[in-house]
Amino acid sequence: METINRLTDILVSMNTPADRGKLFKIIKMLYGLMGLPFSEEAEPMDADPAVLEYFIFSFTADFGEVMQDLIAEETE
């Protein structure tokens with residue numbers, strides 16, 4: 001849980017116009033570390049600041065929900 005909280009803090013704190021490009025690269029790297037393919041459709045999202053902002057916002061919200069679901073399943 002501590003690792004998940006740290007990662008969530010990083011996602012939230014780096015979600016600034018100056019750091020979104022770096023954050024996008026971190027998200028892509030996380031996909032690779034988990035052995036998941038990163039969507040080819042999502043690849044060019046960092047070219048448009050508004051699209052990138054929405055993608056990162058959505059990813060962070062989804063990440064939080066998925067982690068809560070996984071933790072709930074483990075404690076059942």
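Analyst: Starting with burial: 21% of the 76 residues in the protein chain are buried. Bear in mind that this is a predicted model.

User: OK, what's the secondary structure, how many helices and strands?

Analyst: The protein chain has 3 helices and 0 strands. Reading from the N terminus, the order is α-α-α.

User: And what does the C-alpha trace span along its principal axes?

Analyst: About 40 × 25 × 15 Å for the protein chain.

User: How much accessible surface is there, and what share belongs to carbon and sulfur?

Analyst: The accessible surface of the protein chain is about 5600 Å², and carbon and sulfur atoms hold 60% of that.

User: Let's get into packing. At what angle do α1 and α3 cross?

Analyst: Roughly 170°, with the axes of α1 (residues 2-13) and α3 (residues 49-75) coming within 10 Å. That makes the two helices roughly antiparallel, because an angle over 145 degrees counts that way.

User: Which residues meet there?

Analyst: On the α1 side you've got Ile4, Leu7, Thr8, Leu11 and Val12. They meet Phe59, Thr60, Phe63, Met67 and Ile71 of α3.

User: How does that contact divide into nonpolar, polar and charged?

Analyst: The residues of the α1 contact with α3 come out as 8 nonpolar, 2 polar and no charged.

User: Where do the charges pair up, then? How many salt bridges does the structure hold?

Analyst: There are 4 salt bridges in the structure. One of them joins Glu53 and Arg20, with the closest N and O atoms 3.6 Å apart.

User: Why does the Glu53 and Arg20 pair tie together parts apart in sequence?

Analyst: Glu53 sits in α3 and Arg20 in α2 (residues 20-33), so the pair links parts that are 33 residues apart in sequence.

User: Is Arg20 buried or exposed?

Analyst: Arg20 counts as buried, because its relative accessibility is 11% and the cut-off for buried is under 20%.

User: What about Lys28, which residue does it form a salt bridge with?

Analyst: Glu43, and the closest N and O atoms of that pair are 2.6 Å apart. Glu43 is in the loop between α2 and α3 while Lys28 is in α2, so this bridge ties together parts 15 residues apart in sequence.

User: How exposed are Glu43 and Lys28?

Analyst: Glu43 is partly exposed at 36% relative accessibility. Lys28 is partly exposed too, with a relative accessible area of 25%.

User: And Lys22, what does it form a salt bridge with?

Analyst: Asp19, with the closest N and O atoms 3.7 Å apart. Lys22 counts as exposed at 53% relative accessibility, whereas Asp19 is partly exposed at 23%.

User: Switching topic: where is Ala50 found?

Analyst: Ala50 is in helix α3. With a relative accessible area of 52%, Ala50 is exposed, because the exposed class takes anything over 50%.

User: How far apart are Ala50 and Pro17 in space?

Analyst: They're 9.7 Å apart, C-alpha to C-alpha, and 33 residues apart in sequence.

User: Last one, on contacts with a separation of 6 or more: what share comes from residues 24 or more positions apart?

Analyst: In the protein chain, 51% of those contacts.

Key:
Residues are numbered from 1 along each chain as its sequence is written. This is a predicted model: local features need pLDDT of at least 70, side-chain atom pairs count only at pLDDT 80 or more; totals for chains, interfaces and linings use all residues. Side-chain values use heavy atoms; hydrogens and water are left out. Axes are lines fitted to C-alpha atoms, for helices over the stretch in contact, and angles run from 0 to 180 degrees between N-to-C directions. Helices (H or I, at least four residues) and strands (E, at least two) are DSSP runs, numbered from the N terminus. Angles under 35 degrees count as roughly parallel, over 145 as roughly antiparallel, 65 to 115 as roughly perpendicular and the rest as oblique. Contact means heavy atoms within 4.5 Å. Ala, Val, Leu, Ile, Met, Phe, Trp, Tyr, Cys and Pro count as nonpolar, Asp, Glu, Lys and Arg as charged, and the others, Gly among them, as polar. A salt bridge is a side-chain nitrogen of Lys or Arg within 4 Å of a carboxyl oxygen of Asp or Glu. Buried means under 20% relative accessible area, exposed over 50%, partly exposed in between (1.4 Å probe, protein chains only). Accessible areas come from the Shrake-Rupley method with a 1.4 Å probe; for residues, only the protein chains shown count as cover.
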